[in-house]
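This report describes selected sheets, cores, side-chain contacts and aromatic pairs. The sequence and the structure are shown first.

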Amino acid sequence: MLKLFFCGIAATVFLGAFAHAKPEVAADGSGATKEKRAVELGSVAGVVVDRGSHRSLEFVAVTLKRADGVVVQSTVTDNRGRFTLEKVPTGSYAVTYGLVGADAKVTSPFTVDAQHREFDLGNLSAADDAVKLEKFEVRAKQDTQLNAIDRKTYNVGKEIQSTTGSASDLLQNIPSVSVDIDGNVSLRGSDNVLILVNGRTSTLMGKSRAEVLQQLPADLIDKIEVITNPSAKYKPDGTAGIINIALKRKHVGGFSGTTNFSVGNDSRYNAGLTANYRPGAFNIFGGYSVRQDDRLRTASDIRTFVDPVTGVVTRAEKRTVEHSRPFFRLGRAGIDWSVGEHDQFGLTGDFNRRTFLRLATDHNIFRDASGAVIGDFDRTRRDPELEQEAEFNATWQHTFEEGHELNFEVKASAKHETEDNHFADIFRTPAHATTFDNTLIQPHERGSEAIVEYVRPLDGGAKFEAGYTRTTNRLDADFFAESFDPATGVFVRDAAQSNRFIYDETIHAFYATYARTFDRFGFLAGVRPELTSGKSLLVNTGVTVPNDYARIYPSLHLTYRLSDEHELQLNYSHRVHRPESDDLNPFPEFADPFTLRAGNPHLLPEDIHSVEAGYSFRHADTSFTSTVYHRYLYHGFTSITRAIGNGVLFSTRENLAANRSTGLELTANTGLGHLVTLNFSSNTFFNTIDASNLGFSGSKSDVSWLAKVGATLHLPHDTLLQLNANYVSARLTPQGERRPSFVANAGLRHDLWQKKAALVLTVSDIFNSLREASVFDTLALREEITRRRSSRIVYLGFVYNFGQPSKKSKDDLLKFDNSL
């Protein structure tokens with residue numbers, strides 16, 4: 001396997017070197033090759049402030065011109081008045097700057113050379129005068145994908161589903177990301193992925209994140225970042241890496257906002273409103289959205305097992321029909337306040353609430369070895385559920401000078417969930433009176449986080465970052481069970497099933513990173529020591545199970561720029577996946593009389609070492625990346641199912657001995673003129689699972705792959721058509737495999753009123769092909785599970801942008817619903 005990996009690295013390097021073999025002549029006609037120019041690139045930075053008040057000015061146009069007047073680069077200042085012009089060739093320049101419509105000002109001439117490669121212009125004064133302009137329109141094309149030293153960024157604004165769909169729909173179209181029938185997200189075939197919101201952990205992305213992602217309106221999302229080998233700056237949780245969901249936040253002056261409304265088949269609908277008000281030093285923002293979903297789920301579970309006690313062979317068939325209508329509410333509000341030129345405070349609050357009534361029926365049939373029916377009954381379920389979460393965040397940022405910052409952040413969160421199950425077992429064979437039982441599950445979670453971060457630019461283009469994070473989490477889960485006593489006519493508490501489980505965890509983490517660029521070569525190195533203290537309390541028994549451990553998580557990222565268009569990367573990281581409360585809670589829970597689940601309080605955290613080598617190419621509107629990776633995981637989590645007698649199956653969590661995977665990831669994007677944009681991505685990996693420590697003989701290996709293709713057609717009259725398709729091959733599990741899956745989507749958008757509004761039509765799962773199937777195959781058990789959702793989902797939506805400025809939001813485009 002290692003030979004295959006290093007052969008892949010060699011092939012990647014050779015591909016990059018071959019593509020670069022012919023030197024390219026600089027576009028300026030100087031005769032210098034791009035290799036030569038890459039060595040001589042510098043940067044120009046500065047801050048634009050108001051001449052009278054010295055307040056930082058945002059959206060000031062900045063243009064870098066050569067001594068002969070030729071424009072080299074242009075940009076605008078950010079919300080702190082800052083600007084940076086990168087990749088500036090050596091030469092003599094001047095900067096022209098000014099607010100749109102106002103008289104431009106010009107700096108004194110300056111020179112970028114080997115001794116002055118980083119030129120800081122300091123504070124530049126301008127007049128913040130209002131100037132009335134005639135209306136004009138600027139058209140620009142935004143890159144769909146951007147590559148940095150440690151991440152890939154996907155601007156999801158061009159997805160039509162962003163108007164009608166959910167976050168899950170957007171993630172389904174991101175390269176190497178998969179979303180299953182329940183909304184569970186996996187990256188490169190692993191579901192151990194850390195999902196951040198705006199670069200931070202969030203209570204929204206806890207154990208119920210699959211539900212939240214299926215309901216989170218996609219029109220709130222600005223971009224999605226995929227970090228497969230994160231630096232030591234980030235939490236090491238998530239062995240597959242990090243997916244960061246960056247929410248929209250406008251920084252334009254004045255008042256502006258967006259409202260949208262969509263209706264779908266089966267009485268689905270969603271609506272949302274976001275608004276932003278920025279009169280000056282303050283920026284006030286907020287939003288509220290609702291989503292009414294309709295979920296019809298069907299499933300079949302066919303088991304053939306040998307009773308470990310009697311040796312009798314039994315075949316069990318369970319057919320499930322479940323219907324629910326989740327109603328989701330999401331609110332967000334906050335304020336940013338700039339105090340002078342160096343300090344900024346922020347307060348943000350997030351709230352979400354989900355309610356629904358689940359109605360389900362399991363039809364169960366048991367047969368003996370001859371096929372004769374020995375059991376036939378229905379189990380009905382009525383479950384009103386409530387889940388709500390709230391999070392409060394406060395920040396302070398002090399800027400000493402450009403790029404030199406000190407950040408403080410505190411966060412508190414709370415979550416409450418109620419699952420009120422009412423079951424009835426209706427027997428036909430053998431004849432038996434109907435039985436009733438109830439379970440009330442009420443987990444309460446609280447968390448807090450305190451963060452201190454320091455960033456300092458150093459000489460030579462280097463940057464040093466360091467920080468400390470203290471994280472606390474507490475879960476108090478109360479499980480109450482009762483059954484109906486026909487003799488007394490009342491429900492009686494079931495002492496064997498009722499339990500209470502408390503888990504406390506505190507993590508102290510420090511990190512330091514150092515980044516620097518030497519001409520074509522760049523590196524980012526870091527280390528993150530952590531101390532984790534965990535404790536499980538089984539209240540019913542009084543037993544306490546400690547879970548304390550210390551780890552050091554290093555990371556290293558290397559880049560080598562062959563030219564402006566070609567780049568090589570090599571990186572490494574060590575990451576961890578900590579057990580969640582459900583993984584640790586040992587008290588059993590009956591999904592039905594024949595299916596029992598429990599956690600494992602002795603579960604160890606799983607660790608992974610990951611190495612990647614990549615090549616990227618970008619020219620005009622065409623880009624290509626290839627990445628070869630190898631991951632070694634030990635103590636990996638897996639679900640193990642065993643027959644324990646009397647037809648009952650018991651599932652729990654265990655640690656694998658080891659899991660190795662080596663893969664090749666490809667992405668490509670290109671445009672065919674101005675009418676068509678095409679994109680493709682694939683991930684192929686060789687996976688080996690060693691479960692010998694769990695009693696399974698030898699190792700199991702296979703090759704799995706997934707592929708995604710998409711096309712965007714720019715039709716006449718401001719109309720956009722999008723088509724995409726996703727395929728996931730069969731994947732190996734310790735006790736069997738997951739079957740392949742396929743889904744295709746389509747979307748149409750028509751802009752109205754000079755792009756202040758739009759009509760959107762999306763169709764998810766065009767061919768009604770989305771399903772999830774898995775097989776468990778051991779000596780004592782063979783089980784086939786197939787789950788499907790309701791047929792294709794259709795949405796018709798309307799979006800309207802109001803206020804000033806009236807520029808079209810890049811996020812108001814198309815998304816699809818591929819959650820099952």
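This is a predicted model: local features need pLDDT of at least 70, side-chain atom pairs count only at pLDDT 80 or more; totals for chains, interfaces and linings use all residues.

Strand E1 (residues 42–50) pairs with E8 in the parallel sense, over 7 bridges.

## Strand E14

Strand E14 (residues 193–197) is largely enclosed by the rest of the structure, because 5 of its 5 residues are buried. In a regular strand, side chains alternate between the two faces of the sheet. Both faces of E14 are covered: on one side Val 193, Ile 195 and Val 197 are buried, and on the other Leu 194 and Leu 196 are buried.

E14 runs parallel to strand E16 (residues 241–247), and 5 bridges join the two. Within E16, Gly 241 stands opposite Val 193.

## Nonpolar cores

The largest nonpolar core has 29 residues, of which Leu 171, Val 185, Leu 213, Ile 221, Ile 224 and Ile 243 touch the most other members. At least two residues of this core come from each of the following elements: helix H3 (167–172), strand E12 (177–179), strand E13 (185–187), E14, helix H4 (209–215), strand E15 (221–227), E16 and strand E22 (327–339).

Leu 171 is in contact with Val 177, Val 179, Val 185, Leu 213, Ile 224, Ile 243 and Lys 708, when its neighbours within four places in sequence are left aside. Another core, of 18 residues, lies apart from the largest one; among its members are Val 44, Val 62, Val 112 and Ala 126.

## The surroundings of His 574

His 574 is located in strand E32 (residues 566–577). Its relative accessibility is 9%, so His 574 counts as buried. Two polar contacts of this side chain can be described. The side chain of His 574 reaches the backbone oxygen of Ile 552 at 3.3 Å, and it also makes a polar contact with the side chain of Asp 607 at 3.0 Å.

Not counting residues up to four places away in sequence, His 574 touches Pro 236, Ile 552, Tyr 553, Pro 554, Asp 607, Ile 608, His 609 and Tyr 634.

## The surroundings of Arg 358

Arg 358 belongs to strand E23 (residues 343–367). With a relative accessibility of 15%, Arg 358 counts as buried. Its side chain makes a polar contact with the side chain of Glu 322 at 3.1 Å, and another with the side chain of Glu 385 at 2.6 Å.

Residues touched by Arg 358, not counting those up to four places away in sequence, are Glu 322, His 323, Ser 324, Arg 381, Arg 382, Asp 383 and Glu 385.

## Aromatic pairs

The structure holds 18 aromatic pairs. The ring centres of Phe 436 and Phe 484 are 5.9 Å apart and the ring planes stand at 85°, so this pair is edge-to-face. Phe 436 lies in strand E26 (residues 435–458) and Phe 484 in strand E27 (residues 462–485), so the pair ties together parts that are 48 residues apart in sequence. Phe 436 counts as partly exposed, at 35% relative accessibility, and Phe 484 is partly exposed with a relative accessible area of 30%.

Elsewhere, ring pairs link Phe 282, Trp 337, Phe 345, Trp 396 and Phe 408 into a cluster.

## A four-stranded sheet

A further open sheet is formed by 4 strands in the order E33-E34-E38-E37, and its pairing is mixed.

E37 pairs with strand E38 (residues 648–655) in the antiparallel sense, over 8 bridges. Ile 640 has Thr 652 as its bridge partner in E38.

Conventions: Residues are numbered from 1 along each chain as its sequence is written. Side-chain values use heavy atoms; hydrogens and water are left out. Two strands pair if DSSP finds at least two bridges between them. Buried means under 20% relative accessible area, exposed over 50%, partly exposed in between (1.4 Å probe, protein chains only). A nonpolar core is a set of buried Ala, Val, Leu, Ile, Met, Phe, Trp, Tyr and Cys residues joined through side-chain atoms within 4.5 Å. Contact means heavy atoms within 4.5 Å. A polar contact is a pair of N or O atoms within 3.5 Å; within protein, one must be able to donate a hydrogen and the other to accept it, and residues adjacent in sequence count only if both atoms are side-chain atoms. Rings of Phe, Tyr and Trp (its six-membered ring) pair if their centres lie within 6.5 Å; planes under 30 degrees apart count as stacked, over 60 as edge-to-face and the rest as tilted.
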